[in-house]
Amino acid sequence: MPNRKKPLVVVTRKLPDQIETRMRELFETRLNVDDQPMSHADLVAAVKAADVIVPTVTDKIDSALLSQAGPQLRLIAQFGNGVDNIDVATAVQRGITVTNTPGVLTEDTADMTMALVLAVPRRLAEGFEVLEHGEWGGWSPTWMLGKRISGKRLGIIGMGRIGQALAKRAGAFGMQIHYHNRRRLSEKVEQALNATYWESLDQMLARMDIISVNCPHTPATYHLLSARRLKLLKKEAFVVNTARGEIIDEAALTRMIEAGDIAGAGLDVFESEPAVNPRLLKLAKAGKVVLLPHMGSATIEGRIDMGEKVIVNIKTYMDGHKPPDRVLPSML
């Protein structure tokens with residue numbers, strides 16, 4: 001490490017004020033006051049100068065960028081749970097430790113996922129559109145009928161912390177819980193969640209009323225819900241995604257909803273975000289999909305908890321210990 005009293009920490013986006021204040025107390029910190037995503041040139045300058053860089057999901061920390069890093073860069077302390085924006089293998093190869101902020105987003109993301117599980121079948125966004133345009137003629141017994149949630153089969157793809165938190169919420173609504181995961185949960189956890197495991201994702205997809213995507217985005221999960229797999233869904237099925245847009249073939253999903261081959265979707269993430277497919281926006285106007293701007297973890301409490309985890313990871317590393325939230329290629 002360079003002979004500095006405090007390590008130089010470069011933060012790529014605006015963080016909660018109390019987190020930035022604490023960082024400036026502990027470290028020599030460069031903040032992004034304007035909160036504009038850093039350009040590639042800015043990121044190059046950051047990795048050349050910093051001992052620690054604190055990126056977010058919007059920053060692409062790939063092998064090309066890491067090849068330009070100065071020898072003093074020793075820690076990438078991600079502000080966020082997912083690390084699909086970071087080439088973790090290359091970082092570790094170059095002797096750079098990578099950390100994330102797991103656990104603190106679980107409840108918030110599960111809440112938002114459950115909100116979408118409710119919003120799509122019950123046509124909440126469509127109902128608001130009617131009010132907004134002054135088209136409501138009053139209550140009617142047969143108008144704006146949605147689908148009952150209780151008793152429906154929910155298929156959860158990815159049964160980590162968020163998937164399990166969603167299962168608890170959905171179970172309270174009387175839904176039948178099914179899941180597909182890389183590894184089967186213990187019998188004790190399955191019984192607690194009243195969850196049915198499917199080794200075959202294809203077989204599960206064909207039998208569910210609602211599918212929720214809650215797995216991380218990795219090379220193995222890119223377009224996990226491919227056009228072929230989406231065709232396995234029942235016509236009455238809904239898809240919810242609060243994980244990463246790249247896990248679903250968004251173009252195929254859009255086509256199938258337009259054609260009436262899938263009932264609808266609730267999406268908080270998109271394949272090319274912040275760009276959103278205009279055809280999805282059109283489907284939203286028609287009440288076929290509910291779209292949110294990547295809000296799943298967006299609570300004040302969640303963001304502060306994330307920042308505190310980042311600080312703990314940096315401080316622990318700088319004190320010569322293994323940070324608690326270290327990410328290794330074998331974990332991905």
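Visitor: Why is His294 called partly exposed?
Guide: His294 has 27% relative accessibility. Buried means under 20% relative accessible area and exposed means over 50%, with partly exposed in between (1.4 Å probe, protein chains only). The value for His294 therefore counts as partly exposed. This is a predicted model, in which local features need pLDDT of at least 70 and side-chain atom pairs count only at pLDDT 80 or more, while totals for chains, interfaces and linings use all residues. Residues are numbered from 1 along each chain as its sequence is written, and side-chain values use heavy atoms, with hydrogens and water left out.

Visitor: Where does His294 lie, and what is noted about its phi?
Guide: His294 is in the loop between strand 12 (289-291) and helix 13 (300-318); helices (H or I, at least four residues) and strands (E, at least two) are DSSP runs numbered from the N terminus. Its phi is positive, about 50°, although His294 is not a glycine. Most residues other than glycine have a negative phi.

Visitor: What makes Asn194 count as exposed?
Guide: Asn194 has a relative accessible area of 64%, so it lies over the 50% limit and is exposed. Asn194 is found in the loop between helix 8 and strand 8 (195-197). It too is not a glycine, yet has a positive phi, of about 55°.

Visitor: What is the form of the peptide bond from Glu273 to Pro274?
Guide: That bond is cis, with omega near 15°. Most peptide bonds are trans. Pro274 is placed in the loop between strand 11 (264-267) and helix 12.

Visitor: What makes the link between Lys14 and Glu20 a salt bridge?
Guide: A salt bridge is a side-chain nitrogen of Lys or Arg within 4 Å of a carboxyl oxygen of Asp or Glu. The closest N and O atoms of Lys14 and Glu20 are 3.1 Å apart, so the pair meets that limit. Lys14, Asp17 and Glu20 are linked in a network of salt bridges.

Visitor: Is Glu20 buried or exposed?
Guide: Glu20 has a relative accessible area of 8%, which means that it is buried. Lys14, at 31%, counts as partly exposed.

Visitor: How many salt bridges does the whole structure hold, and where do Glu25 and Arg22 lie?
Guide: A search of the whole structure finds 15 salt bridges. Glu25 and Arg22 both lie in helix 1 (residues 17-26), three residues apart, about one turn of the helix. Their closest N and O atoms are 3.0 Å apart, so they form a salt bridge. Glu25 is partly exposed at 47%, and Arg22 is partly exposed at 39%.

Visitor: Which residues of helix 7 are buried, and what covers them?
Guide: Ile162, Gly163, Ala165, Leu166, Ala167, Arg169 and Ala170 are buried. Among the elements covering them are helix 5 (106-119), strand 6 (153-157) and strand 7 (176-180). Just after helix 7, Gly174 takes a positive phi of about 80°.

Definitions and conventions:
Contact = heavy atoms within 4.5 Å.
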